[in-house]
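Subject: Model handover

Hello,

Here is the model for you to look over. My notes follow.

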Amino acid sequence: MPLITVNSIIKEYETAHALRGVSMEVKKGEWVNIMGASGSGKSTLLNIIGGLDSATSGDVIIDSVNIEKLSEDELAVFRREKIGIIFQQAHLIPYLTAVENVMIAQYFHSMADESEAKEALQRVGLGQRLSHRPSQLSGGEQQRICIARALINSPELLLADEPTGNLDRENTKMILELLKKLHSEDHFTIVLVTHDHFVSTHGDRILTMEDGHIIRDEPVNDLRS
Ligand SMILES: Nc1ncnc2c1ncn2[C@@H]1O[C@H](COP(=O)(O)OP(=O)(O)OP(=O)(O)O)[C@@H](O)[C@H]1O
Ligand SMILES: [Mg+2]
């Protein structure tokens, strides 16, 4: 039973056909990367999987729930319980410390717990930066807070849209090693959008998009050798 099943998704905007019939499956615990040129529909697909946007037609089934059929309120609960998201921009709250930025996510989920938030930051290597504000941290460090924040409520699914897009090679490697470690420990499922070939060779599988279609689906192993 796959964790995610996407059936014939079409997404039309007034001025663009972003997705022209996309179907795919992601197994529980799998790490799938989505590649493709700018404008090919990667973010649109990720946003629809995450319930941040709705499809014009088609179904998205996550953990046996057809999320296209949920009301706004049901969808908000579903997202809160099941999904963590990281973006290219950190979107941290500038006047809060690292640990407070993680606690905000706990608060919106259920209840803030400072010691648990600190532990999460230690896990991403920021144990020495707990009381720093975002402007006092490097881009890579800020992105590590985002990872701690996205995973603090133990989501089953982590969605990432160009999570290393603003980082240099060194920090990109650090973030990927961190994701590898956390993924191997906690076995959550990852769907990650990138246009960086180096990034895409981490994880299990690569889907390539072109003009609103998935045109290739290949295991990462085939490309490493
Ligand atoms: N809110 C919107 N309104 C109108 N058109 C949109 C909207 N969002 C995306 N599009 C269009 O849909 C198509 C797919 O966009 P999308 O953002 O999914 O591409 P992408 O593959 O993520 O590109 P990039 O690599 O540049 O982030 C593009 O033609 C884009 O202009
Ligand atoms: Mg995009």
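A crossing is called left-handed if the near helix is turned anticlockwise from the far one by less than a right angle, and right-handed if clockwise. By that rule, α3 and α4 cross right-handed. Helices here are DSSP runs of H or I, at least four residues, numbered from the N terminus.

This is a predicted model: local features need pLDDT of at least 70 and side-chain atom pairs pLDDT 80 or more, while totals for chains, interfaces and linings use all residues. Residues are numbered from 1 along each chain, chains are lettered from A and ligands numbered from 1 in the order written, and side-chain values use heavy atoms, without hydrogens and water.

**Helix pair**

Helix α3 (residues 98–109) packs on helix α4 (residues 114–123) at about 115 degrees, with the axes 9 Å apart. Axes are lines fitted to C-alpha atoms over the stretch in contact; angles run from 0 to 180 degrees between N-to-C directions. From α3, the contact (heavy atoms within 4.5 Å) includes V102 and M103; from α4, A117 and L121 are among the residues.

**Ligand 1**

The shell (a heavy atom within 4 Å) includes Y13, S38, G41, K42 and S43. Helix α1 (residues 42–49) gives the largest share, 3 residues. Polar contacts are N or O pairs within 3.5 Å. Oxygen atoms of ligand 1 lie 2.5 Å from a polar side-chain atom of S38 and 2.9 Å from one of S43. A polar backbone atom of G41 is 3.1 Å from a ligand 1 oxygen.

Best wishes

Definitions and conventions: Helices (H or I, at least four residues) and strands (E, at least two) are DSSP runs, numbered from the N terminus. A polar contact is a pair of N or O atoms within 3.5 Å; within protein, one must be able to donate a hydrogen and the other to accept it, and residues adjacent in sequence count only if both atoms are side-chain atoms.
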